[in-house]
Amino acid sequence: MNNSINYNWYPGHMTKARRMMEENVKLVDLVIEIVDARCIQSSENPDIDKLAKNKARLLLLNKADLADPNKTNAWVAEFKKRGIEAIPLTAKNKVKKKDIDAAVECACAEIIARNKARGISGKKIRAMIAGIPNVGKSTFINSYVRRTATKTGNKPGVTKGKQWITFGDKIELLDTPGILWPRFDNQITGQHLAFIGSMNDQVINIEELAFDLIGFLMKFYPGTFEKRYEVKESYTEEELTDDYGQEIKPALAVMQAIAKKRGCMRRGGDYDYDKVSKLILEDFRSGRLGRISLEIPKAAIDRFEIEEK
Ligand code: G4P
């Protein structure tokens with residue numbers, strides 16, 4: 001795979017986000033982190049263990065409608081092993097309140113038991129939503145919480161100006177989600193976030209990105225392009241030689257075949273690489289290429305017979 005794009009960037013306003021997060025986390029019992037089910041490791045916040053130290057944790061694996069269900073299940077099992085409650089979620093659709101409530105109860109079992117032992121009953125769990133940009137924090141709050149919620153502001157003992165949403169009789173949620181920063185410790189993480197559209201496409205080379213995505217899918221989800229665009233995915237040596245006798249990579253041959261098939265051509269017969277790249281990325285991001293996950297837990301690698309990248 002070609003890793004020539006430098007994904008190592010991040011806007012400076014994350015310092016402010018960090019301060020806000022540190023301030024808000026003090027007010028809650030439970031941190032609900034939302035990640036993208038298609039690339040859980042890359043969309044997790046790298047510092048969440050430290051940030052949410054001594055807090056109950058719940059992980060929502062959102063956009064499960066776009067992810068490979070077997071791999072999402074492997075992640076759920078992996079988090080269970082690590083003692084973290086995790087559930088798949090499609091925040092865009094109607095979210096089942098009872099599923100979230102049950103997960104919250106599981107994640108907060110210790111707190112609930114402690115309260116019970118002290119004779120405290122009916123105390124609501126204070127929670128906050130957190131996650132890197134674009135994972136679906138607002139969608140979750142809007143589609144699920146707001147429906148039944150009532151807002152309460154300026155609670156005694158709580159920092160002035162904070163808004164809390166009460167829903168059901170168990171949870172009180174901080175109105176503003178915590179915006180977290182993503183990992184940027186390696187190129188693969190950056191690449192995966194770029195694939196799913198969580199990085200500004202303006203700052204990356206879209207053609208190289210699409211080329212890398214084609215390479216990934218040919219390797220891990222063979223048949224994707226044949227199914228969607230009716231193009232070949234394997235080529236003879238002769239077919240992988242251009243008019244000038246230069247060797248071309250199979251991923252480029254696939255890209256060119258898609259360009260031809262979908263009319264992404266310039267006048268004069270040149271390929272419109274920009275147009276075809278956008279088409280492929282958009283089809284992937286919207287799920288039109290199928291339910292695809294970019295990452296699996298290390299422990300499940302054998303099961304999926306995928307070599308470690
Ligand atoms: P954020 O607050 O964490 O930054 O994320 P936000 O809710 O704004 O969601 C980011 C994008 O992800 C939105 O798409 C939203 O519709 C989409 N999204 C959220 N949850 C899901 C889900 O479960 N499945 C799928 N497929 N998509 C989801 P957008 O294109 O930016 O906006 P819109 O045109 O959909 O409104």
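In the predicted model, helix α9 meets helix α11 through E207, A210, F211, I214, G215 and M218. The partners in α11 are P250, A251, L252, V254 and M255. Contact here means heavy atoms within 4.5 Å. Helices are DSSP runs (H or I, at least four residues), numbered from the N terminus. The residues of this contact divide into nine nonpolar, one polar and one charged. Ala, Val, Leu, Ile, Met, Phe, Trp, Tyr, Cys and Pro count as nonpolar, Asp, Glu, Lys and Arg as charged, and the others, Gly among them, as polar.

Helix α9 spans residues 206–220, and α11 spans residues 250–261. Their axes come within 9 Å and cross at roughly 110°. Axes are lines fitted to C-alpha atoms, for helices over the stretch in contact, and angles run from 0 to 180 degrees between N-to-C directions. The two helices are therefore roughly perpendicular to each other (angles of 65 to 115 degrees).

Helix α8 (residues 187–195) also crosses α9, at roughly 100°, and the axes come within 10 Å. That makes α8 roughly perpendicular to α9. On the α8 side, Q191, H192, A194 and F195 take part. They meet L209, D212, L213 and F216 in α9. By class, this contact has five nonpolar, two polar and one charged residues.

For the side chain of K63, the distance to an N or O atom is 2.9 Å. A polar backbone atom of G136 is 3.0 Å from a ligand oxygen. Taken alone, the ligand exposes 710 Å², and the protein buries 60% of that. Accessible areas come from the Shrake-Rupley method with a 1.4 Å probe.

Residues are numbered from 1 along each chain as its sequence is written, and side-chain values use heavy atoms, with hydrogens and water left out. Because the model is predicted, local features need pLDDT of at least 70 and side-chain atom pairs count only at pLDDT 80 or more, while totals for chains, interfaces and linings use all residues.

Technical notes. A polar contact is a pair of N or O atoms within 3.5 Å; within protein, one must be able to donate a hydrogen and the other to accept it, and residues adjacent in sequence count only if both atoms are side-chain atoms. Angles under 35 degrees count as roughly parallel, over 145 as roughly antiparallel, 65 to 115 as roughly perpendicular and the rest as oblique.
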